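Thanks for coming. I have one model to go through today, so let me put it up.

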Amino acid sequence: MSNRRRWAVVVVYAAAMAWVESAVVYYLRTMVNRIQPYQTYPLPIIGGLGQAEMVRELATMIMLLTVGILAGRNWRSRLGYSAIAFGVWDILYYVFLRVMCGWPSSISDWDILFLIPLPWWGPVWAPVSIASLMVLWGTLVSTWRMKPAAKGVEWKVWALNFLGVGIALYVFMADTIKVADQGVNALRNVLPTTFNWPLFVVAILLMAAPIIEVLLRLKRQALERKTPLNYKELESIS
């Protein structure tokens, strides 16, 4: 199977998972009257469903990683396909929710993004921007054959990336971190009023470091061969 077909299969899988995810969330939010998550007492107690939901979120991450492992041929392409799956799944999750129930009404709507280890809050555009970076990086490393990075360069760009990830996680959980020592009820009642977008932009720029490094590497390859980049260079990664 060519790389483009592998890419398409992973995208179809992620789209199907996104529909399932959207449907499950739609069912749960309908049950607890929280189609719009940003309202008083956003995380009501719903018996054992809370714990089941946290495990389901973890299971979803495992499934997205697994499809990348199955699609890729080496560690880089496996991570690339996993990133594509995650990014497509996350973006289409909001698209399908809008189709099902009319929410989100805009990309600035607040959402509870994740529950592990603490609830994450952020406007819809924030996770979508990260998901877009994941799709772009995953597509580059899973479809283009590249020479190895210069010695010491790759770990540096990934250090920047992980720093960006850490900053983004802090921004998402900043409000819940402040009340984490006050117990579960305090966490359930958190409703952020502002989003630290300047710090988040810094996080996005840091997370984009691997993409920039890959693009520069591809550009150098093209200059060395004195030919422009084109899709004829797409070939199976050995």
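Predicted model: local features only at pLDDT ≥ 70, side-chain atom pairs only at ≥ 80, totals over all residues.

Residues are numbered from 1 along each chain as its sequence is written, and side-chain values use heavy atoms, with hydrogens and water left out.

Some terms before the cores. A nonpolar core is a set of buried Ala, Val, Leu, Ile, Met, Phe, Trp, Tyr and Cys residues joined through side-chain atoms within 4.5 Å. Buried is under 20% relative accessible area, exposed is over 50%, and partly exposed lies in between, using a 1.4 Å probe and protein chains only. Helices (H or I, at least four residues) and strands (E, at least two) are DSSP runs numbered from the N terminus.

The largest nonpolar core has 43 residues. Those with the most contacts inside it are Ile130, Ala168, Phe172, Phe195, Phe200, Met207 and Val214. At least two residues of this core come from each of helices H3 (75–101), H4 (125–143), H5 (153–178), H6 (184–188), H7 (197–207) and H8 (209–225), and from each of strands S1 (110–114) and S2 (120–123). H4 gives the most, with 6 residues.

What does Ala168 touch, leaving out residues up to four places away in sequence? Its partners are Ile130, Phe200, Ala203 and Met207, where contact means heavy atoms within 4.5 Å. A second, separate core has 15 residues, including Val10, Met17, Tyr81 and Trp89.

Next, H3. This helix has 27 residues and reaches 39 Å from its first C-alpha to its last, close to the 39 Å expected at 1.5 Å a residue; the expected span is 1.5 Å times one less than the number of residues. Just after H3, Gly102 takes a positive phi of about 80 degrees.

Now the backbone. Most residues other than glycine have a negative phi, and most peptide bonds are trans. The bond from Trp103 to Pro104 is cis, with omega near 0 degrees, and Pro104 sits in the loop between H3 and S1. Ile116 and Pro117 are also joined by a cis peptide bond, omega about -5 degrees, with Pro117 in the loop between S1 and S2.

Asn33 has a positive phi, near 60 degrees, and lies in the loop between H1 (3–31) and H2 (49–71). Asn33 counts as exposed because its relative accessibility is 57%. Tyr41 has a positive phi near 55 degrees, in the loop between H1 and H2, and is partly exposed at 26%.
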